[in-house]
Amino acid sequence: MGPKAKSVKPPGSTIGAKPSKMKGRPNKKDEDDMTEVGDMGDESYVHGKTLVKPDDQLDLNEAELKEEFTRILTANNPHAPQNIVRFNFKERAFKQTSSVEQIAIHFALDGNMLHKDSDEARRQRAKAGMGESRRLVAYFRYYLICISKNSLRQEERRREGRRKEERRRKWWKLLLLPKKESLRNQFNFSERASQTFNNPYRERGTATEPPPRANFSSTANQWEIYDAYYEDLQKQEKAKDKTKQIPAYRKEDDKTKKKLVALETASDDISRVSRAAKIVERMVNQNTFDDIAQDFSYFEDASDEFRDQEGTLLPLWKFCYDKAKRLAVTSICWNPKYYDMFVVGHGSYDFTKQGRGMLLFYSLKNPSYPEYIYSTESGVMCIDVHPTYQYLVCVGFYDGSVGVFNIQEKRAGPVYKSNAKSGKHTDPVWQVKWQKDDLDNNLNFFSVSSDGRVVSWTLVKDELIYADVIKLTVDNLPTDGPDGTQLQLLGCGTSFDFHKKIDYLFLVGTEEGKIHKCSKAYSSQFLDTINAHHMSVDAVRWNPFHPDIFISCSADWTVKIWDHNYGNQAMFTFDLNSAVGDVAWAPYSSTVFAAVTADGKVHVFDLNVNKYEALCEQSVVQKKKTKLTHIEFNPCHMMITVGDERGYVTSLKLSPNLRKVPKKKKGEENVGIDHEIEIAKLDKILSLVREPDNKD
């Protein structure tokens, strides 16, 4: 027998201990307790097994020995890594994954079982069926041979042959009968059939008149080509003579001019083709931008109900022209009659990078390409569309000249343009505005420039006649020149606006940050001067409803609302944390206005809702360094257009929270905007900040 394994017992325990009967050895109880005696007899050599106790074994009492420890088996893999990180594209950082794969595969074996309804199973069954048909043919031949042999056998073996015949027939029937595959109703379904009514087909057809066609054939020889070129040359000479003899723009001459234009366009076949091509182009664009057109007409942001009176701007069309991409948008003006058309002026505000300019006419019906394109030698800085004759646009240029474009006439340049002889400005023209006709029914407009002059321009026959309205002086006291002469320093005008109701009253903003209240009747002094801003005034505009309120913005990051009856005290001041390029009042509310800043953001305010901060502050440019230059509200639709320094014009739709209007009472007809309600609404807000003691 081999040696037995040692067993370790707790101290004090004895298993199978017997008293020792060996001679000559003392019978010690302590030694007998730790030994075992075999079954080989008393005289045989007995190998005792000692229970070995480890040195580091704990001494436990009975309570500790009886204590149970429970181990719980879980499905978690202890070797699975817990620190796996993956890149989160939304937060642009590495994030630790919350779930770790705990499965551990110890054995995997690919099987060769196929589903009975799969394509491979059908192919295998088809092959097996071909084998069975071959076996049937062989058995059939064998059957014929057996029949021929059985006919020659004797009568005594016919019975045995009949039995075999019966057995073969049974086997034959089993082979020839098709196997019916039993359909198992695994899903407990019942097959039912029903008949439905078939709708009758209807055919509808319309017959249209075929377009008129005409066959033209001719032979071209040398003298016919000469005659054609000669007729074309005569037409060009007549057109030049007509442009030289342009009559003055008067109301009575307007109807005759329309008739002449209609006759010229009717006689030109090319104009008919261009008109049809333009209509097709609009149809294609409306199909291309159908989703934007649907949003423009019907989309209303339902999330405004949960934004706590804040609003958003929905981007619509984006207008750009390839040749004007590197030119900044210097002015935007909507057409006062055709609400889907607006004019954009392109130039540059950097005096070191001055060059050409462009005048573009866009329409919402064709956002991919301008309707009319005019290229100018100098940059276009400001534009204005005539409120009555919408085809006339006055333009101010960077070189100090002003001009008038007529889109009805097919000319590449302006119809009227000032020059050094006719009193043009010596510095860039920053703003132009049409005014009412003079006493002789001649059209006129005003301009303001950095040379400190506010000039009135009148269209008389084929030239512009100017008249200085006022000169912007810096100080009342003249300064002494180097030769002892008295020099009067002039301020730099940057913007101006005429009162909506009082014809002679207008405001002028300067580079010094002052706003002068002027009158057409006084050309030597100002009615009032307001120290409005610390830097140049970029825009100043009267409120379209309230006759006493106007707004101004400046490069000192502020937008201020003023009451011209009060002194240098602004009613409201808003800090927009960036240079403000332009500000505009909303045409539908006396308390809503919007401004654009150099950081590419549009700020929309509503004083009736929040007097301290904007309801919407949204970035609308693709690149962060792009500056916004101008903003304009559409006179009819709830949308705005914004221009930037890269030549792009973006149209945005106002959400419902940004265009709240007073609710109509029951039974009251919707007759439009009530000016008295708008004035009262703004007066209620201004009454909280007005101080009667400071009133002039």
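In the predicted model, strand β5 (residues 341-347) and strand β6 (residues 357-363) are paired in the antiparallel sense through six bridges, and within this part of the structure His346 is placed opposite Met358 of β6. Both strands belong to an open sheet of four strands, arranged in the order β4-β5-β6-β7 with antiparallel pairing. Because β4 (328-334) and β7 (372-376) each have a single partner strand, they form the edges of the sheet, and one side of each is left without a neighbour there. From one strand to the next, the twist averages 15 degrees.

The largest nonpolar core comprises 31 residues, of which Leu359, Ile383, Val395, Val404, Trp434, Phe445 and Leu459 touch the most other members. At least two residues of this core are supplied by each of β6, β8 (380-385), β9 (392-397), β10 (402-406), β12 (429-435) and β14 (453-460), with the largest share, five residues, coming from β9. When neighbours within four places in sequence are set aside, Val404 is in contact with Leu392, Val393, Cys394, Pro414, Val415, Tyr416, Trp434, Phe445 and Leu459.

Most residues other than glycine have a negative phi. Asn441, by contrast, has a positive phi near 60 degrees; this residue is located in the loop between β12 and β13 (444-449) and, because its relative accessibility is 35%, counts as partly exposed. A positive phi, near 65 degrees, is also found at Asn577, which lies in the loop between β25 (572-575) and β26 (580-585). With a relative accessibility of 57%, Asn577 counts as exposed, the cut-off for that class being over 50%.

Terms used. Residues are numbered from 1 along each chain as its sequence is written. This is a predicted model: local features need pLDDT of at least 70, side-chain atom pairs count only at pLDDT 80 or more; totals for chains, interfaces and linings use all residues. Side-chain values use heavy atoms; hydrogens and water are left out. Two strands pair if DSSP finds at least two bridges between them. Axes are lines fitted to C-alpha atoms, for helices over the stretch in contact, and angles run from 0 to 180 degrees between N-to-C directions. A nonpolar core is a set of buried Ala, Val, Leu, Ile, Met, Phe, Trp, Tyr and Cys residues joined through side-chain atoms within 4.5 Å. Buried means under 20% relative accessible area, exposed over 50%, partly exposed in between (1.4 Å probe, protein chains only). Contact means heavy atoms within 4.5 Å.
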